[in-house]
Amino acid sequence: MGLRNPGAEYLATRHNIGAEAVANLASVYGVGWRRRPLRARCETAGLRVGNQRVLLGLPLRMMNVTGGSVSYLVKYHRVDHEDLLIVHDDIDLPFGRLRIRAGGGSGGHNGVKSVAKALGSPDFWRLKIGVGRPPRGMDPANYVLKRFRSSERRVIDQSVEGAAELAELWTKDPRGARQSAGEWRPSA
């Protein structure tokens, strides 16, 4: 599940980087998006990674209330929490870096907080993409709603591709993906 704010005004913003990574994975596999089930208020795409069925999701709700979409899909498709990967931005992670972890707190991320609350548990996997810290004096909420500078885009594009590859690896080997994320660095 790639967290995002829907709508054209939020495309390519720091907060939507998780959705970019999930959309990248869908593109690699050549799968299209559909709005199903309708009650989930989410775009979904199905694919196979090896013999594993994988459901990708992009919520159609604002980030801070995205938990309802995730929770509905988890229940509808009978997904165990430990088989759920949330892909999202992280301002506390160095710019362009990736990290995978299971469980834990929200780290102040309202989308992750909404998912944990809706599921009734923080016990799901997270793939975090570092978007850097806001400049001194800037509200973090405003910072994550800004688009990347053109000078940042090359690194972020590498991070999006790396996150898509790690998400794919995670479907086969979550612990191996976690280790690979710790070793992953953008080349620029």
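By class, eight nonpolar, eleven polar and six charged residues make up the lining of the second largest pocket. Here Ala, Val, Leu, Ile, Met, Phe, Trp, Tyr, Cys and Pro count as nonpolar, Asp, Glu, Lys and Arg as charged, and the others, Gly among them, as polar.

The model is predicted, with local features needing pLDDT of at least 70 and side-chain atom pairs pLDDT 80 or more, while totals for chains, interfaces and linings use all residues. Residues are numbered from 1 along each chain as its sequence is written, and side-chain values use heavy atoms, without hydrogens and water.

**Exercise 1.** Describe the second largest pocket.

Step one: its space is about 440 Å³. A pocket is an open set of points on a 1 Å grid over the protein atoms alone, where a 1.4 Å probe fits, with protein on both sides within 12 Å along at least five of seven lines; lining residues have an atom within 4 Å of a point. Volume is the space filled by probe spheres set on the points, which are joined across faces, edges and corners.

Step two: 25 residues line this pocket, and His 15, Gly 108, His 109, Asn 110 and Val 144 are closest to its centre.

Step three: β3 gives the largest share of this lining, three residues.

**Exercise 2.** Now describe the largest pocket.

Step one: this one holds about 800 Å³.

Step two: among its 32 lining residues, Arg 53, Val 54, Leu 55, Val 79 and Asp 83 lie nearest the centre.

Step three: sorted by class, the lining has 19 nonpolar, six polar and seven charged residues.

Definitions and conventions
Helices (H or I, at least four residues) and strands (E, at least two) are DSSP runs, numbered from the N terminus.
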